[in-house]
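You asked for a quick read-through of this structure before you start working with it. Here are my notes, point by point.

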Amino acid sequence: MPGKLRLLVGKVGLDGHDRGAKIIARALRDSGIEVIYTGLHQTPEMIVSTAIQEDVDGIAVSSLSGAHNYLFPRLIELLKERNADGIRVFGGGIIPQEDIAGLKAAGVLEIFTPGTSMEQVVKWVKDNVRPRSE
Amino acid sequence: MTEDRDRKDLAATPARRSASRAEWESETLGGAPERDREFSTVSSLPIERLYTPDDLGPGWRPEEKLGYPGEYPFTRGIHPTMYRGRPWTMRQFAGFGTARQTNQRFRYLLEHGQNGLSVAFDLPTLMGRDSDDGMARGEVGREGVAVDSLADMEALFDGIPLDTVSTSMTINAPAAVIFCMYLAVAEKQGVPFDALSGTLQNDILKEYIAQKEWIYPPRPSMKIITDLMAFCARNVPRWNTISISGYHIREAGSTAVQELAFTLADGIGYVEAAIQAGLDVDEIAPRLSFFFNSHNDFFEEIAKMRAARRMWARVLRERFGAKNPRSWMLRFHTQTAGCSLTAQQPYNNVVRVTIQGLAGVLGGTQSLHTNSLDETLALPSEEAVTIALRTQQIIAEESGVTNTVDPLAGSYFVEALTDRMEREAQEYVDRIDRMGGIIAAVERGFPQKEIADASYHYQRQLDSGTKTVVGVNKYTMQESTRPELLRIGSEVEAEQLRNLSRVRERRDEQRLRNDLERLRAGAERGDNLIPLLLQCVRDYGTVQEISGALVPVFGTYREVSVL
């Protein structure tokens, strides 16, 4: 029987703008996904530890402070180091178009920019993030 | 025109002159169709088809509800002449990269007609961290200017005598440290403290509620704030010690009523804390200031600002018994709503900002920041911020709205809406009082939950198309060109780390160590911390070293998230 999808939603770095992350967490939860919301001020190390501990299928990470080019790839690097790169990573926030290709090349599956609807994110997750137990 | 004659909502009996609203509704309005079943503001506040004198209610009297400008309850404005005397201060928030780079942007803005400075600090500085802290990696200079020590502050105001400008500094958790750096720069420039004018945001309560930049828990944070109030009352008399903010609460997704209510509740919290700390309300209240958002719904924003003035005046005079009329006056800064701007078709943002800026002016703001068109893409480019500044100048010089005071007074709609905003905000303020005050309310997550619910509700409205954002869920198009954006290179971080090393090499380490120990001991004893902070700053202590010295005494804050 297919397991319920488990996702970690978190704010990485010092950025405290959590309006979007909380809305996405709630939308995903309301769509039947199990959501672990880590809250603010998570280091990449903390996110990866929690993700592994909670045995999640994916990580949704948010940054609006401009530090995504360092933080998101760092997250992926740590997942690889800990043999957990089956956990898919996607993100959102204030991320210039020009940076998206680089983030995807680093292993981020998708980036959601301002104006994205909740429905778009939920649909994308259901189409692209499978429970790892399958 | 043919189209007008064919409209299905043409008056059924246009020759009639109805003697009452009821007659108008049954005879002239008839069954004329409307675009929707319900009409509401962007905050979902229901709006009626028509407002008449009846909507003011039987007890509505202008002497009581409005007063004259410059007189209690200040609904029409805090100055008798308002913009006929002097336009609002044009104060564009600015800051990026290193202090040297931001200094250049400050000088540019001053040359182009800006009247006051407003400093944006980077995220590590906002959180009380140094540029070389582990969590600062990737963040240095990106959201604002990196300030680690007095050396950066000196570079920031190079060539800008502090007695010639008023400066607003958007900083909260380490606000007292940054304020002391400003004072130390004044000392070096030979400017006496009583010649300094400006504002420190220093509003920690809204951090727990909305902006989420903190170090210590609420109660020790309030102690630092009351210390600063006392210090300024005696030594820096022209300084606004707090900018009690609704802006961030609104940006986090609150409604306009919630923005008004939670801001006033925070203000009440600060006055209560000051009184508990032994300060006299009239000593500190004249130097409290406010900061509101100006969002898209034109009339809702104007009504909110007018209601704010009336409510605060009553709170200070009746609840706190303030005797000095200056204590009753709500002075505020306005910023147009960042959260309303779009990445799609960014030039549309110039239009949004114009409407929002105009609302702030018709709401009677004392100073205004207009956002740049590239707000959702990056920090403002020089071209974008110039358009934003010109927007204010055109409103001030060409629109005519500054020719008279509070032009919208007496509008049935505006007065009814002002009263309604007051009524609904008061319900929240009363509720928070029953919880034991704003700190208690924050500790149980009340405002945070209200905001989360409001923001989720609005997002659902956008997703379903109930509320429109032009270019995002309606009138979308393929875009080929994009404005030229400001990029902060990674060399900024490298340069700042070098600056920081240099500062640490040059200073007297032992002297600083003693200063930090005196600071810690003073905190244990409950002394006023400002003079102790100032000494640490003079000896080139960093933001993190100084803020960190208080952690063993005050502890740190950890949020319990509310979705």
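1. Of the 563 residues in chain B, 50% count as buried. Do keep in mind that this is a predicted model, so treat what follows as a reading of that prediction.

2. On overall shape, chain B has a radius of gyration of 25 Å, and this agrees with the value near 24 Å that a compact globule of 563 residues would have. If you line chain B up along its principal axes, its C-alpha atoms fill a box of roughly 90 × 60 × 45 Å.

3. As for what chain B is built from, you'll find 24 helices and 10 strands. Among the contacts in chain B with a separation of 6 or more, 76% are between residues 24 or more positions apart.

4. Five strands of chain B make up an open sheet with parallel pairing, in the order β1-β10-β9-β8-β7. At the edges stand β1 (89-90) and β7 (242-245) of chain B; each has a single partner strand, so one side of each is left without a neighbour in the sheet.

5. Now look at β9 of chain B, residues 332-336, which pairs in the parallel sense with β10 of chain B, residues 367-369, over three bridges. Within this pairing, B:H333 stands opposite B:S367, while B:T334 has B:L368 as its bridge partner. Turning to β8(B), five bridges join this strand to β9(B), and the two run parallel. Here B:F290 is partnered with B:F332 of β9(B).

6. How many of the five residues of β9(B) are buried? Five of the five are, so this strand is largely enclosed by the rest of the structure. In a regular strand, side chains alternate between the two faces of the sheet. You can follow that here: B:F332, B:T334 and B:T336 point one way from β9(B), B:H333 and B:Q335 point the other way, and all are buried.

7. The crossing of α7(B) past α22(B) is right-handed. On the α7(B) side, B:A176, B:V177, B:C180, B:M181, B:L183 and B:A184 take part, meeting B:I530, B:L533, B:L534, B:V537 and B:R538 in α22(B). By class, the residues of this contact are 10 nonpolar, no polar and one charged.

8. Last comes the contact between the chains. What does each chain put into the contact? Chain B gives 32 residues and chain A gives 28 residues. On the side of chain B that touches chain A, the elements giving two or more residues are α5 (123-126) and α19 (446-464) of chain B. The largest share of that side, six residues, comes from α19(B). Sorted by class, the side of chain B that touches chain A has 15 nonpolar, nine polar and eight charged residues.

Note on methods. Residues numbered from 1 in each chain as written. Chains lettered and ligands numbered in written order. Predicted model: local features only at pLDDT ≥ 70, side-chain atom pairs only at ≥ 80, totals over all residues. Contact = placed C-beta atoms within 7 Å. Helix = DSSP H or I, 4+ residues; strand = E, 2+ residues; numbered from the N terminus. Nonpolar A, V, L, I, M, F, W, Y, C, P; charged D, E, K, R; others polar. Rg over C-alpha atoms; globule rule 2.2 N^0.38 Å. Buried ≥ 20, exposed ≤ 12 C-beta atoms within 10 Å, placed from the backbone. Pairing = 2+ DSSP bridges. Left-handed = near helix turned anticlockwise from the far one by under 90°.
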